[in-house]
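Reader: I am new to this structure and would like to learn how to read it. Please take me through it feature by feature.

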Amino acid sequence: MPVPVLRHFLRDDDLSPAEQAEVLDLAAAMKRAPYDAKPLAGPQSVAMIFDKPTLRTQVSFGAGIAELGGNPMLVEGKLAGIGVRESVEDVARVLGRQVSVVVWRTFHQSDLDTMAAHAGVPVVNALTDDFHPCQLIADLLTVREHKGDLAGLTVAFVGDGACNMGNSWLLAGATAGMHVRVSAPEGFMPSQAMFDRAHEIARGTGGSATAEPDPKTAVDGADVVVTDTWISMGKEREEGARAAAFAAYSVDADLLACAGPDAIVLHCLPAYRGKEISAEVLEGPQSAVWDEAENRRHAQKAVLAWLLRTKEGALLR
Ligand code: NVA
C-alpha cells in the first residue's frame, strides 16, 4: 500500500524541479488529449474561495474541476467571514470534512499556511499578496509550447517585481533552470530573502536570478518578456505614485525590440494598455497571452490531479 502523502501548493518552491516538470508534463498531456481518469469523480467537491477579484482563476478552476469529474463549489469569502466570523483554523477543519481540495485566493500567505495546517486536504494558492503559483505553471507551460525546454532560457520580468508575480517568477523560473532577470524601479524589486531563495534553488538547477534596474539591459536577448499590472489588487490607493515610478517600465515595441523578434511576451491579465504594456505589443505577433490564459485550466487540472495523486499514492491516468 503506498503511503498517502498530503501535499499543498502554496508557493512555487513547494514543487521540486522534478515535481514541477512532472506537473508540466501532465498539463501538456491533459491539453493534448481528454484525460480519462477522473480524480475528482463522485463527484467530490472543491471549495473555491475568493477574497479578491477574479475572472480567469474562477472560470479556469471551475471548468477544470468539472473536467476532472468534480464539483466546483464557490464559497463566498465575505459570507463565510474567514478570520472575522470564525478563525482560519476552524474554517479549515470544517472545509476539510466536506471537500477534497481547498482553492483560496486571499491576501496574507500566513492565512493560507494556517488553512493548509488544519484542513487535512490539499490546499491550493489561487493568489496571495506574495505568490501566484498556479499562474506560473500556466506560464511555464506556455513558454514550453513556444520555446521548448525551459532550462537555459532567459526571462525578463519588467515592472512591479515586488508583487506576487515577480516573486513567483523568481522561484518558479529558478526551479525550471531558467535565467530570471527582474527589472523594476527602486523600491519595487523582490526582497533580498526572495532573491536568496531563488539563488539557492538555481544552484541546483543551473538557473540564475538577477536584479537589473535598467529595462533595456534586462530585456536584451531575452527569450521571454513578462509584465504585470503596476497596481496589484489591494494597492489601488498607490495608483498615482506607482504610475510615476513605473513610467519607464512599459513593455512597448521599443523595449521589445531589445529582446529580438523571437521573444514571446506574457502577461497574466488583466492588462492595462498604455501602462505596463502597449496595445501594439499585447495584440502583436509576439504576444502569447491568450495561450497563457487558456493554459490556466490545463495547468490547474494538472496541479489538482498531481496533489490528489500524492494523497492517494498513485497517478491516475
Ligand atoms: N499582481 C496582480 C496579478 C493579477 C492576476 C495582482 O495581484 O493583482
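Author: What follows goes through the domains, the core and the ligand site. Keep in mind that this is a predicted model.

Reader: How is the chain divided into domains?

Author: The domain assignment gives domain 1 as 8–131 + 294–316, and domain 2 as 133–289. Their centres, taken over C-alpha atoms, are separated by 25 Å.

Reader: How many residues of each domain are in contact with the other?

Author: In general, the size of an interface is often given as the accessible area lost when the parts come together. Here contacts are counted instead: 30 residues of domain 1 are in contact with 22 residues of domain 2. On the side of domain 1 that touches domain 2, α1 (17–32), β4 (123–125) and α13 (289–312) each give two or more residues. The largest share, seven residues, comes from α13. By class, that side of domain 1 has 16 nonpolar, six polar and eight charged residues.

Reader: Which residues touch the most other members of the largest nonpolar core?

Author: In soluble globular proteins, nonpolar side chains tend to be buried together. The largest nonpolar core has 101 residues, of which V102, I137, V225 and V303 touch the most other members. The element that gives the most to this core is α13, with eight residues. Both domain 1 and domain 2 give residues to this core, so the core lies between them. Leaving aside residues up to four places away in sequence, V303 touches F9, V23, V124, C134 and I137.

Reader: Which residues surround the ligand?

Author: Around the ligand are H132, C163, N164, M165, D228, T229, S232, M233 and C268. This shell has four nonpolar, four polar and one charged residues.

Technical notes. Residues are numbered from 1 along each chain as its sequence is written. This is a predicted model: local features need pLDDT of at least 70, side-chain atom pairs count only at pLDDT 80 or more; totals for chains, interfaces and linings use all residues. A residue is near a molecule or strand if its C-beta atom, placed from the backbone, lies within 6 Å of it. Ala, Val, Leu, Ile, Met, Phe, Trp, Tyr, Cys and Pro count as nonpolar, Asp, Glu, Lys and Arg as charged, and the others, Gly among them, as polar. Domain bounds come from an automatic or database domain assignment. Two residues are in contact if their C-beta atoms, placed from the backbone, lie within 7 Å. Helices (H or I, at least four residues) and strands (E, at least two) are DSSP runs, numbered from the N terminus. A nonpolar core is a set of buried Ala, Val, Leu, Ile, Met, Phe, Trp, Tyr and Cys residues joined through C-beta atoms within 7 Å. A residue is buried if 20 or more other C-beta atoms lie within 10 Å of its own, exposed if 12 or fewer, and partly exposed in between; C-beta atoms are placed from the backbone.
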